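Here is a quick tour to read with the model open beside you. Have a look at the fold first, then come back for the details.

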Amino acid sequence: TMSVRNNRPRVLVTRRWPQSVETELAERFDTVFNIEDKAMSAADFRDALGHFDAILPTVTDGLGPDALNVPQARTRLLANYGVGFSHIDTDAAKRLGIAVTNTPDVLSECTADLAMTLMLMVARRAGEGERELRAGAWTGWRPTHLVGAKVTGKVLGIVGFGRIGRAMARRAHFGFGMKIVVQNRSKIAQEVLDRFDAEQVDSIDELLPQCDFVSLHCPGGAANRHLINARRLDLMKRGAFLINTARGEVIDEQALAQALMFDCIGGAALDVFDGEPRIAPVLLDCDNLVMLPHLGSATEETRTAMGRRVVDNLVDFFEGREPGDRVA
Ligand code: DGY
């Protein structure tokens, strides 16, 4: 067993994980934890690529061209803790012969729960109400106090109809009697649309004018940067609400702030930000905006399941099988 132990793959975990999965990793691999629990720099990564067989990054680790700018790497696998992987330059990884995996499925329900939370909060002005109450400014019930928008029976537009988009559709359709309109880069099977009584449109431009709520569930990255820009915000119904649990860069935040300030739309609710955790100051001035600190998958159950999923990908990979969640 001694030689087996010595031959265990060397694995770098860039952030602290739930205890049970850290224990499992340490039992199975020669694991180094980044005990500072701070985002790593490009220089840290270039160094790590020479020392570790696998690196287990998260969304806070920018694995762009700079971090992957090494002539060759010992690292064979980037096993991401999270479903979104637009922070990883998969072309650069491929050139170095590094495979990439993610953690789909296990976070879809909790992320859709959070998108529902945001939708209800912004429509019912829950953030504004809580801020008012905590500031000691509540003067009591009155017929015109913090009057919001009804959610039940309204039209919800879903941009990106993958696993999370569908989990959102299920909640909105069966729980709130909403009519679902979908935009997705590929055609969705009719039988899938029928499950939610949903209709697929060809473009975002076609979707936006029909919807009372629009929820983003597409990937981030260069292709979807500023998908929601000033022109498209203008296509939304006056009084409509925009929800983002996908990636911050999908929305042009300056344009969104303008639209909110001038009441071009009713409100917005964001769990993700361009350049997070930095928040564009202009957003902080918008009252009709709910903001949460990237909590989509943040439940005990899901964060543990995400870790297990990474362990499964690692074990498959190092035992010579194709990992189920290989994305590049
Ligand atoms: C995800 O899983 O994509 C979360 O946003 C964290 O990366």
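## The overall build

Over residues 12-327, how much of the chain is helix, how much is strand, and how far apart are the end C-alpha atoms? That stretch is 35% helix and 13% strand, and its end C-alpha atoms sit 20 Å apart. Before going further: this is a predicted model, where local features need pLDDT of at least 70 and side-chain atom pairs count only at pLDDT 80 or more, while totals for chains, interfaces and linings use all residues. Residue numbers start from 1 along each chain as its sequence is written.

The protein has 13 helices and twelve strands; these are DSSP runs, numbered from the N terminus, with helices being H or I of at least four residues and strands E of at least two. Its radius of gyration is 22 Å, close to the 20 Å that the globule rule gives for 328 residues, so the protein is as compact as a globular protein of that length. (The radius is taken over C-alpha atoms, and the rule is 2.2 Å times the number of residues to the power 0.38.) Along the principal axes, the C-alpha atoms fill a box of roughly 75 × 50 × 35 Å.

Of the contacts with a separation of 6 or more, 65% link residues 24 or more positions apart. A contact here means C-beta atoms, placed from the backbone, within 7 Å.

## Two domains

The protein splits into domain 1 (2-106 + 300-318) and domain 2 (108-291), with bounds from an automatic or database domain assignment. Their centres, taken over C-alpha atoms, are 32 Å apart. Five residues from domain 1 and seven residues from domain 2 make the contact. On the domain 1 side, the residues divide into one nonpolar, three polar and one charged.

Residues 116-296 are 33% helix and 15% strand, with end C-alpha atoms 10 Å apart.

## Around the ligand

Which residues are around the ligand? They are T58, V59, G82, V83, G84, L107, G296 and S297, where near means a C-beta atom, placed from the backbone, within 6 Å. By class, this shell has three nonpolar, five polar and no charged residues. Ala, Val, Leu, Ile, Met, Phe, Trp, Tyr, Cys and Pro count as nonpolar, Asp, Glu, Lys and Arg as charged, and the others, Gly among them, as polar.

L107 also pairs up with T299: they are 192 residues apart in sequence but 9.1 Å apart in space, C-alpha to C-alpha. T299 is in the loop between β12 (289-291) and α13 (300-318).

Most residues other than glycine have a negative phi, and most peptide bonds are trans. D37, in the loop between β2 (30-33) and α3 (42-48), has a positive phi of about 55 degrees. L146 has a positive phi too, near 45 degrees, and lies in the loop between α6 (126-134) and β6 (155-159).

E276 and P277 are joined by a cis peptide bond, with omega about 10 degrees. P277 is in the loop between β11 (267-270) and α12 (281-284).

Methods. Two residues are in contact if their C-beta atoms, placed from the backbone, lie within 7 Å.
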